[in-house]
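User: Hi! I'd like to walk through this model with you, one question at a time. Could we begin with a single residue and then widen the view?

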Amino acid sequence: MSSNDLAEVRRTLWKAADELRANSSLLPSEARGPILGLIFLAYAEHRFEAVRPELEAKATVRRPVTPDDYRARSVLFISEEARLSHLVRLPEEENLGEALDTAMCLVETQNPDLKGVLPRGYQRLQKSTLTEMLRLFAPLPRTLTGDAFGLIYEDFLSNFAMAEGRLGGEFFTPYSIVRLIVEVIEPFHGKVYDPACGSGGMFVQCAKFVERHQGSATRELSVYGQEQKEVTVPLAKMNLALHGLSGDIRLGNSYYQDLHHANGAFDFVMANPPFNVDKIDKAKLAGDPRFPFGLPNTDNGNYLWIQQFHSALNDQGRAGFVMANSAGDAGHSEREIRRRLIETGSVDVMVAIGTNFFYTVTLPVTLWFLDKAKRGTTRQDTVLFIDARHLYRQIDRAHRDFLPEHIELLANIVRLYRGEDVECVEGSDGALEEHFPDGVYADVPGLCKVATRAEIEAQGWSLNPGRYTGTAAVEDDNEDFTEKLEELYEEFTRLSDEAGELRARVDSAITGILST
């Protein structure tokens, strides 16, 4: 199938899904599961039918094919009653919603790893719309490839996230951000951990990275996730299954529960945690080895997440994660934690991202990259700062992303800094020639700067890329005022937090004096 044909299929399916949502009493978050369940069934049948002829050809009367034979090939066993090709042929008088609920139950029964994962509730949907959806989805197992199913699933997650706004961002991180993180940490093989895994997009992009480099993700990667929202765990498990991956995804609050015994256990950590969370019960965290640099005094969880990511890495491990801009300049106890982290030599790369890349917030963010393997190397006392705020594609007024050549350029800057070979398959060669004509890393004003630890200390241990790279010349457009306003609001929020912390300390000191 050509890319144009696939694009048309994706548009048609989403239009049908939109109709289903519009013609039911379900909220977008409630309709999400049943619709994704149809994609899951379509792909499961596609993979089942791909191996069935080979397995049945080897079967005998005394040794028939069993579900275990399919599982040994990393394929789900799908009985006749659970296949879309069967469901679409049911007589009109049949209860289609009930048949779909039964199909999901059958798949779980025959594939115990999926117990409690697949959606139910199809009987709540309008029969005419459900019939049309099934008519559109049923031919997919015979017309699409495996990767196309993954793309459609990602499309739907993205579209649902956009429709659900802030809540959608809790389970979905935009593709281009995840792809950039993956390209920088380079997870060729090993154990990957995400303690805020959402719908599992980080794991999927790790697998695609391995496959782009001619490896087998199922052999090279082991994935481990933890997720606080019960309704999100099935999304992650379905996403992994759709991409032929198996993983250990567990339900738990990562502030208080370390279900994977993460300390020093992982080669790679990736995450997009919730920012600026307050009301965390720090009394429960006292003595927890995941927080070796201490607990911040301020009522903010950012530096709890950052320490978790650092602590989970083994001695050669790399981490890449999204963080609020304010964390790079936060003062007082957070600055002290940041200083201690920098002094370990593990902070590797900091990338400033512009506004409107996320569904949860419009504010700009920063990508942090840690690399414990750089300790003891020539990079131990340096950090690469990149300002990528002027790189983006405007999708619509409220949303931006990176083009493939943007991602490749940013990853290549990191590769040059590390002394690695660059990759030029996505069109970044022109920009590389412009900025790095000698094929070696060099500071580029407004784009990138390698700062020493002494320079970072002189900046109050700030990890804000803009303090080091300078300002790039950007084209004047209608977005500039909004972006500047949002950056000022971010700075105002940071200063307000620091003022609140300082006020609490002053109040405490005065109370102590007056009570003596």
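This is a predicted model: local features need pLDDT of at least 70, side-chain atom pairs count only at pLDDT 80 or more; totals for chains, interfaces and linings use all residues.

User: Is arginine 400 buried or exposed, and at what relative accessible area?
Analyst: Residues are numbered from 1 along each chain as its sequence is written, and side-chain values use heavy atoms, with hydrogens and water left out. Buried means under 20% relative accessible area, exposed over 50% and partly exposed in between, with a 1.4 Å probe and protein chains only. Arginine 400 is therefore buried, its relative accessible area being 2%.

User: Which side chain makes a polar contact with the side chain of arginine 400?
Analyst: Arginine 400 lies in strand E10, residues 399-401; strands (E, at least two residues) and helices (H or I, at least four) are DSSP runs, numbered from the N terminus. A polar contact is a pair of N or O atoms within 3.5 Å; within protein, one must be able to donate a hydrogen and the other to accept it, and residues adjacent in sequence count only if both atoms are side-chain atoms. At 2.8 Å, the partner of the arginine 400 side chain is the side chain of glutamine 394.

User: How far apart in space are arginine 400 and asparagine 356?
Analyst: In sequence, 44 residues separate arginine 400 from asparagine 356. Taken C-alpha to C-alpha, their distance in space is 5.6 Å.

User: Which residues does arginine 379 touch?
Analyst: Arginine 379 is found in the loop between E7 and strand E8 (382-387), and it counts as buried at 13% relative accessibility. Contact means heavy atoms within 4.5 Å. Not counting residues up to four places away in sequence, arginine 379 touches Asp348, Asp371, Lys374, Tyr417 and Arg418.

User: Which strands stand at the edges of the open sheet, and why is one side of each left without a neighbour?
Analyst: The sheet has nine strands with mixed pairing, in the order E3-E2-E1-E4-E5-E7-E6-E8-E11; two strands pair if DSSP finds at least two bridges between them. Each edge strand has a single partner strand, so one of its sides has no neighbour in the sheet. The edge strands are E3 (247-251) and E11 (448-452).

User: Which residue in E5 stands opposite methionine 270?
Analyst: Strand E4 (residues 266-271) and strand E5 (residues 313-324) pair in the parallel sense over five bridges. Opposite methionine 270 stands glycine 320.

User: How many helices and strands are in the protein chain?
Analyst: Of the 516 residues in the protein chain, 52% are buried. The count is 19 helices and 11 strands.
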